[in-house]
Amino acid sequence: MIASEIVILVGAVLIVLASLGVVRFNDTLARTHALIKASSLGIVLVLVGGSFVVGKAGDSAMLLLAAVFQVLTVPVSGHLIGRAVYRSRDISARVDTIDELADH
Amino acid sequence: MITAIFALLVLAGVCFGYRLWIGPTVVDRVIAVDGLLVTGVAALVVEAVRTGVGAFVPVAVVASLVGFVSTSVVARYVEARDRQPLEPEGPGFASGTGRRSQR
């Protein structure tokens, strides 16, 4: 089926964009941002597109389950990583504008 | 089209591996490993689509959960490592460190 392959292709393109952001951005928080946002949508698109064409119903249900787990866990882990970067002293967590977490 | 998707995933893996190689902090290496895990899961799904064999599909579920656990554990480790010592050396220690003195 061509439509699901297009969905998988869009997801792969998003993963590539996440990797380019991880390589190119010059700040740890920016790299975390690039990976978390782009690759979470990318892997969810790959899993949903794969669930349409994989053979049995159990396999597609398991791919959708993996997509649900990605949606649930990736923002939490991204938040934990960002908080660790912000609170650690030897990593530059440079904030350009107003630092709204300054008194927390 | 499957070949193009595999080529894109190889490119993503090379980029994540480069960041894993040069990453100046441990957090950069952690997010590079996380991206490598995402790339591997995507390659697994594409392989299952290409061959029609769904034997490795549960690995996608397990890898997502294990990746979350490993990332959060390393984040806790980084926070605990960089936390201030229990007994500060002298006066002015808590006020000199700025925003991280709240910990």
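In which helix of chain A is confidence lowest, and in which is it highest? The model is predicted, and within chain A the lowest mean pLDDT belongs to H3(A), at 89, while the highest belongs to H1(A), at 92. Over the whole of chain A the average pLDDT is 86, and 89% of the residues score at least 70. For chain B the mean pLDDT is 81, with 79% of the residues at 70 or more. For the complex, the predictor gives an ipTM of 0.86 and a pTM of 0.82.

The secondary structure of chain A consists of three helices and zero strands, and the pattern along its sequence is α-α-α. Chain B has four helices and, again, zero strands; its pattern is α-α-α-α. Of the 104 residues in chain A, 45% are buried. In chain B, 32% of the 103 residues count as buried. Contacts can also be sorted by how far apart their partners lie in the sequence. In chain A, among contacts between residues at least 6 apart, 60% join residues at least 24 apart. In chain B, residues 24 or more positions apart account for 38% of the contacts with a separation of 6 or more.

Two packed helices are described by the angle between their axes and the distance between the axes. In chain A, helix H1 (residues 2-24) packs with helix H2 (residues 28-53) at an angle of about 165 degrees, and their axes are 7 Å apart. An angle over 145 degrees counts as roughly antiparallel, so H1(A) and H2(A) are roughly antiparallel to each other. The crossing of H1(A) with H2(A) is left-handed. By class, the residues of this contact are 19 nonpolar, seven polar and one charged.

The next pair in chain A is H2(A) and H3(A). The axes of H2(A) and H3(A) come within 9 Å and cross at roughly 175 degrees, and H2(A) and H3(A) are therefore roughly antiparallel to each other. From H2(A), the residues that make the contact include A:Leu29, A:Ile36, A:Ile43, A:Val44, A:Leu47 and A:Val48. From H3(A), they include A:Leu63, A:Leu64, A:Ala67, A:Val71, A:Val74, A:Ile81 and A:Val85. In total, the contact of H2(A) with H3(A) has 14 nonpolar, nine polar and no charged residues.

The loop between H2 and H3 of chain A contains A:Lys56. A residue with 12 or fewer other C-beta atoms within 10 Å counts as exposed; A:Lys56 has 11 and is therefore exposed. A:Lys56 and A:Phe25 are 31 residues apart along the chain, and their C-alpha atoms are separated by 41 Å.

Between the two chains, 46 residues of chain A are in contact with 46 residues of chain B. On the side of chain A that touches chain B, the elements giving two or more residues are H1, H2 and H3 of chain A. H3(A) gives the most to this side, with 14 residues. The residues on this side of chain A divide into 27 nonpolar, 12 polar and seven charged.

One helix pair across the two chains is formed by helix H3 (residues 57-87) of chain A and helix H3 (residues 57-81) of chain B. The axes of these helices come within 8 Å and cross at roughly 10 degrees. Angles under 35 degrees count as roughly parallel, so H3(A) and H3(B) are roughly parallel to each other. The contact of H3(A) with H3(B) has 16 nonpolar, six polar and three charged residues.

How values were computed: Residues numbered from 1 in each chain as written. Chains lettered and ligands numbered in written order. Predicted model: local features only at pLDDT ≥ 70, side-chain atom pairs only at ≥ 80, totals over all residues. Buried ≥ 20, exposed ≤ 12 C-beta atoms within 10 Å, placed from the backbone. Contact = placed C-beta atoms within 7 Å. Axes fitted to C-alpha atoms, helices over the stretch in contact; angles between N-to-C directions. Parallel < 35°, antiparallel > 145°, perpendicular 65-115°, else oblique. Left-handed = near helix turned anticlockwise from the far one by under 90°. Nonpolar A, V, L, I, M, F, W, Y, C, P; charged D, E, K, R; others polar. pLDDT = per-residue confidence, 0-100.
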